[in-house]
Amino acid sequence: MLEEARSRWHPIAATHDLQFRHVFHGQLLGREFAVWRADDGYVNIWENRCLHRGVRLSIGINDGRELKCQYHGWRYSNRTAGCTYIPAHPADAPARTITNRTFPAIERYGLVWSSEEPRGEVPDVAALAEGKLLALRGIPVNAPADKVVERLKAYRFQPNAAIGGEGAETIVEAAQDFAVALHSRDGGAETHGVFFVQPVDSNRSVIRGVLDQEAEGAARLAILRHHNERLSKLRDEVEREAASAPAPTPIEPVYERVSAELAEMPEVTTHGRKAALRVSVARKWQTADGIAGFELRPIKGILPTFQPGAHIDVHMPNGEIRQYSITNGPGETDSFIIGVKLERDSKGGSKCMHETVREGDVLAISEPRNNFPLRRDSIKTLFVAGGIGITPLLAMAQALKNQELTHELHYFAQGEEHLAFADRLKYLGDALKPHLGLSPDATGAELRQILADYRNGMHLYICGPGPMLEAARKIAADQGWPDTAVHFEYFKNTNKIDDSSSFEVALARSCVTLQVPAGKTIMQVMRESGIDVPSSCEQGACGTCVATVIEGEPDHQDVYLNDAERKAGTKIMTCVSRAKSARLVLDI
Amino acid sequence: MTKCLDPVILNLWHPIGAIAEAVPGGVQDTVLLEERLSFALNADGEPVVWRSRPDVQGPDRVPAADRLPARSTYGYVWTSLGSPPAELFPIPEYEEPDRRKLNAATFGVNVSAPRAIENFLDMGHFPYVHTDILGVEPHTEVKEYDVEISVDRDEILATRCRFFQPMASTASDGGADVDYVYRVPHPYCSVLYKSSPVDEARRDVIAVFLQPVDQEHVRAHMLLCVLDEDNEDKVIKRFQQTIFGQDKPILENQVPKRLPLDPRAETPIRADKSAIAYRRWLSQKGITYGVIPVAA
């Protein structure tokens, strides 16, 4: 019986329970839900406990895009239920797989429906044509659902048009395990009423009635009052009956265990340069001079959770692979928006995106990876974007704007027509500071001014063309910004890679020793030995293939690590960097 | 709910009330581990604890069979339903003559004792739950700290804990990192040492002693042992009561109420090192009361 009930769809709330920015506490068969509507209209039904310490998410905060736990401020994204930020560790991107359990949601007949293990569809009720319906107030009853259904078969009510009358004839049109369809007639007036019974627990139910006619004003109030009175009376009767029988044992909810990786403290490793997702180009448009915007929608299911600063690999029809930052704001999880600048000397990446890819095309993309995480414990955050370097910073600025954290976005571009994603920029309001048409010298002068007042607790994020990024990093260092407060992302590694050295690499955890000859990378040699290494750009810019150095001196050739990290010598990008010592020991 | 069958918990000392709030000659009734108990101070001021029975109305004629072990320590009456150790865990600072010693409050909370201990050990919630008092956004980082399980003292010790606190001292108007040391010397008791705003060299001591009413309900007794010569008792108490009042609704919304010891029941982060150590320590002791043990 319980198994059968779990596979059915049940109403768990009325549509009008999901008020703007509210989190509704739903219940079904002993299980609790946090039910909330995001500003984009999507209804989220989640297990009602934060994966961290079990605090109910129904006491959390719905900010329209994300749900924030009251206890430690963990943020979970609209639609995917993936965790996007853990404030206790502001410098780390949370492991992508910290995802709440979700349940399906369908809105129908003025009610929100869900199911634990749905088989089939939401019941199709002939009497309730879509459109003008009236959902009654839910009536909670301390009695098992089957007892409530039995009583409802004898429920009598007046049709809407004769609500003040007496003596209407009510007949049962259909009755099922969790619903009774009634028809009431009084002279020429008639109303169909369907009464669904939501099994809250073994001994608790909610009657959710829906009438086939709408009403307004005083008439509506009279109808609601009529049913409220009669259903309350029915409740008293069925509760008296239920109280005389021994109460059935409450249903114990079974909480799924978190994955073994998440239960351990070490970071989760991501694998390979894989394109696990298929998306279609829902929209392609020119968002600025020379910059095309792409909206990528999933072919089926929903997209994985992303964090501001994350990028995806796009596998192109011509076989090239390129990295593009996700520009979405928090909670915008129905599609990924990327911006692609047409490079003059394109080797086939941006040219293919601009000239070959069209709306409706299917592309393979990787899961989002975040090697450029955004701290949100800064007293003030400065973003410095040059040209197409706006894309990751735009996602970050929208996240801070949503949380009302102090920030400025300095956007350097050749002219007004080169500013991309105008709609998103507009959302940022006064935080956006465009700097247009400046020469390299004038840019330097402007940056000196912007970066003049470093205070402890501030953070700087830079993304843009190599020369500008170098200049901004140098100016920041000159003006007292410590390495730990300056975060940057290069588009590409323009260093000339010297791969003439040969050396030995010992992989401590895998217990193998490999020879890296001149002309091959550490990554290539590891892959040839069957060791799966995550990677993305494979040119030392994105940080995906980072490994921990236990022993030996790395020969850094990447542009991902900052000076302090290079000096420390504890991290290495295995796709380009090599060894100065004869031997390296890596924690792989 | 079945009564407590956990031998480790039965043999511990448990707090059941503050001495300062005992009325001379008056009998107080309470519940410990689902057993109804009564206690009173006798003519010598010594606590007497017994299993409640309608025919015993005072401490003087309690039948020996119903009498329970009793002691008065750190300002509370402690008892046990089993064979308790000779001594209670030490708090040496309690003996320092210049400290103010108060029962800040006794609060009923609908949660298991171990969930309440974890909350006491946790710094990450300060900016969210104790906003503008113990923490404030955006200063949310829990910096690396050290945790050890001391084998000889059989207690958990978390040191080098620091957290940003707004208005950290009366001397400055800005916020600063405050140092904390946490001890868990008893499965249901924890002691916190916190930088003193009046004496840089010493620390205030705040302890929470949980009285398990049953597996999912506690009475939390809060001991203060602080350096403060200026404020009235009620001011010092009110501050702690505010803090505790902020924690209570969070604790009562934790699901499940008993602490799950399966490492895969919840998702730990580095900031939770002390909680992870605490869960392991409870598992190693074989504790089953107030927790959901790891499935065999």
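Two residues are said to be in contact when they have heavy atoms within 4.5 Å. By that rule, the contact between the two chains takes 35 residues from chain B and 35 residues from chain A. This is a predicted model, where local features need pLDDT of at least 70 and side-chain atom pairs count only at pLDDT 80 or more, while totals for chains, interfaces and linings use all residues. Residues are numbered from 1 along each chain as its sequence is written, chains are lettered from A in the order in which they are written, and side-chain values use heavy atoms, with hydrogens and water left out.

**Where the chains meet**

The size of an interface is often given as the accessible area lost when the parts come together. Here the buried area (accessible area, found with a 1.4 Å probe, that two parts lose on being put together, summed over both) is about 3300 Å² between chain B and chain A. Carbon and sulfur atoms give 52% of that area. In chain B, the residues losing the most area to chain A are Val255(B), Arg264(B) and Thr267(B), together 23% of what that side buries.

Eight salt bridges (a side-chain nitrogen of Lys or Arg within 4 Å of a carboxyl oxygen of Asp or Glu) are counted between chain B and chain A. One of them pairs Asp272(B) with Arg53(A). What does the side of chain B that touches chain A have by class? There are 14 nonpolar, eight polar and 13 charged residues. In this scheme, Ala, Val, Leu, Ile, Met, Phe, Trp, Tyr, Cys and Pro count as nonpolar, Asp, Glu, Lys and Arg as charged, and the others, Gly among them, as polar.

**Inside chain A**

Let us now look at one arginine. Arg473(A) sits in helix H9 (residues 466-478) of chain A; a helix here is a DSSP run of H or I with at least four residues, numbered from the N terminus. Is Arg473(A) buried or exposed? Arg473(A) is buried, because its relative accessible area is 18% and buried means under 20%, with exposed over 50% and partly exposed in between (1.4 Å probe, protein chains only). Leaving aside neighbours within four places in sequence, Arg473(A) is in contact with residues including Ile462(A), Phe488(A) and Asn562(A).

The table sets out two atom-to-atom distances. A polar contact is a pair of N or O atoms within 3.5 Å; within protein, one must be able to donate a hydrogen and the other to accept it, and residues adjacent in sequence count only if both atoms are side-chain atoms.

| Pair | Kind and distance |
|---|---|
| Asp272(B) and Arg53(A) | salt bridge, closest N and O atoms 3.6 Å apart |
| Arg473(A) and Tyr490(A) | polar contact of side chains, 3.0 Å |

Note on methods:
Helix = DSSP H or I, 4+ residues; strand = E, 2+ residues; numbered from the N terminus.
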